[in-house]
Amino acid sequence: MKTKITELFNIEHPIIQGGMHYVAFAELASAVSNAGGLGIITGLTQKTPSDLAKEIVRCRSMTNKPFGVNLTFLPTVNAPDYPGYIKVIIDEGIRIVETAGRNPQAYMQMLKDAEIKVIHKCTSIRHAIKAEQIGCDAVSVDGFECGGHPGEDDIPNMILLPRAAEELNIPFVASGGMADGRSLVAALSLGADGINMGTRFIATKEAPVHDNVKKAILSATELDTRLIMRPLKNTERVIKNAAVERLLEKEANLGKNISFEDIIEEVAGVYPKIMMEGTMDAGAWSCGMVAGLIHDIPSCEELVQRIMTEAESIIKKRLSGLLK
Ligand SMILES: Cc1cc2nc3c(=O)[nH]c(=O)nc-3n(C[C@H](O)[C@H](O)[C@H](O)COP(=O)(O)O)c2cc1C
């Protein structure tokens, strides 16, 4: 399939694997890229810029296809060494960066001077328009369904994607709730040029996370995610577990007086325990409503092929058949 996104990133299929903290290591990113999609390493999971350099080298030893690096701009006082990470990205010859979180404007010049393609992930039309204005090459439009941070507007993809199509001139991919060929065809119909998936790619053979994480996704239904940190305006969609129940109880009890310190135990530094050790109740971890559509653990190659075959069959048989 040829779309503006496959052309922009020089990939075979319009399927991107979004950056994921403690999930998107070289093993997953290379597997997605080898399958003809676009794999992305999560920059900030690497503790220092030189660790990121090593991860890029590792990824390159596993694939000769294009892959990208995610840079998440966090709302934090002690910002990570972003210029250091970007220097490594440039020095290591990375050509695609997925930015997310805050506006990446401050770093756009550095990225553009190095001829890096930037796809910015955002959850609102106003931020997507801003991304286009500051020179991003594409946008990942992340609907309310998504795992991770859906923002504070709560607009699902059925509305958000056609709105993006109305407003944007640059290509965009649909992110949040994407799982299969049906999702891809729906996204294309709504004006997107591809899909970005997070949760679906965790339940793959190559995702280097503990089996308990994959099992939790398989057991979850579309009813099993919760929104945390709403009162802090840092909403995150996570899978329900004991730590999340405890956190939500604190939010209910403390109301507007809640601060980050009150929930630090449930959210800070929990990812290694969950993703690496499989201690599932160690804290809150991002997961999308799409868990309800995930029923197996294929390889990335099997998953990507299945999505493309299903999408082709829907377009050629089901949809064109309706016109007869
Ligand atoms: C476990 C997990 C960790 C994530 N970590 C990040 C991250 O560090 N940076 C980022 O930009 N997005 C992150 N995301 C969001 C994904 O890249 C993607 O946008 C999102 O999962 C799409 O929604 P879906 O899960 O419904 O496919 C994360 C998602 C998950 C499930």
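Let me start with a definition: a residue counts as buried under 20% relative accessible area, exposed over 50%, and partly exposed in between, with a 1.4 Å probe and only the protein chains counted. Arginine 163, for example, is partly exposed because its relative accessible area is 30%.

Hello everyone, and a word on the ground rules. This is a predicted model, so local features need pLDDT of at least 70 and side-chain atom pairs count only at pLDDT 80 or more, while totals for chains, interfaces and linings use all residues. Numbering runs from 1 along each chain as its sequence is written, and side-chain values use heavy atoms, with hydrogens and water left out.

Let's stay with arginine 163. Its side chain meets that of glutamate 166 in a salt bridge, 2.8 Å from N to O. By salt bridge I mean a side-chain nitrogen of Lys or Arg within 4 Å of a carboxyl oxygen of Asp or Glu. In general, side chains of opposite charge can pair when their charged atoms come close. Both residues sit in helix H7 (residues 157–167), three residues apart, about one turn of the helix. Helices here are DSSP runs of H or I with at least four residues, strands are runs of E with at least two, and both are numbered from the N terminus. Glutamate 166 is exposed, at 61% relative accessible area.

Helix H4 (residues 82–91) has a pair of its own: aspartate 91 and lysine 87, four residues apart, about one turn of the helix. Their closest N and O atoms are 2.7 Å apart in a salt bridge. Aspartate 91 counts as exposed because its relative accessibility is 51%.

Now for a pair with a contrast. Arginine 182 and aspartate 180 are joined by a salt bridge of 2.8 Å, N to O. Is aspartate 180 buried or exposed? Aspartate 180 is buried, with a relative accessible area of 11%, whereas arginine 182 is partly exposed at 47%. How many salt bridges does the structure hold? The count is 22.

On to the ligand. There are 23 residues around the ligand, and Gly19, Lys121, Gly177, Gly198 and Thr199 come nearest; a residue is near if one of its heavy atoms lies within 4 Å. By class, this shell has seven nonpolar, 14 polar and two charged residues. For that tally, Ala, Val, Leu, Ile, Met, Phe, Trp, Tyr, Cys and Pro count as nonpolar, Asp, Glu, Lys and Arg as charged, and the others, Gly among them, as polar. Strand S3 (67–73), strand S8 (195–197) and helix H9 (199–202) each supply at least two residues of the shell.

Which polar side-chain atom lies 2.5 Å from an oxygen atom of the ligand? That atom belongs to threonine 199. An N or O atom in the side chain of asparagine 70 is 3.0 Å from a ligand oxygen, and a polar backbone atom of histidine 21 is 3.0 Å from a ligand nitrogen. Taken alone the ligand exposes 600 Å², and the protein buries 93% of that; accessible areas come from the Shrake-Rupley method with a 1.4 Å probe, and for residues only the protein chains shown count as cover.

One last stop: alanine 114, in the loop between helix H5 (105–113) and strand S5 (117–122). Alanine 114 is partly exposed, at 24% relative accessible area. Its C-alpha is 8.2 Å from that of arginine 95, 19 residues away in sequence.

Methods:
A polar contact is a pair of N or O atoms within 3.5 Å; within protein, one must be able to donate a hydrogen and the other to accept it, and residues adjacent in sequence count only if both atoms are side-chain atoms.
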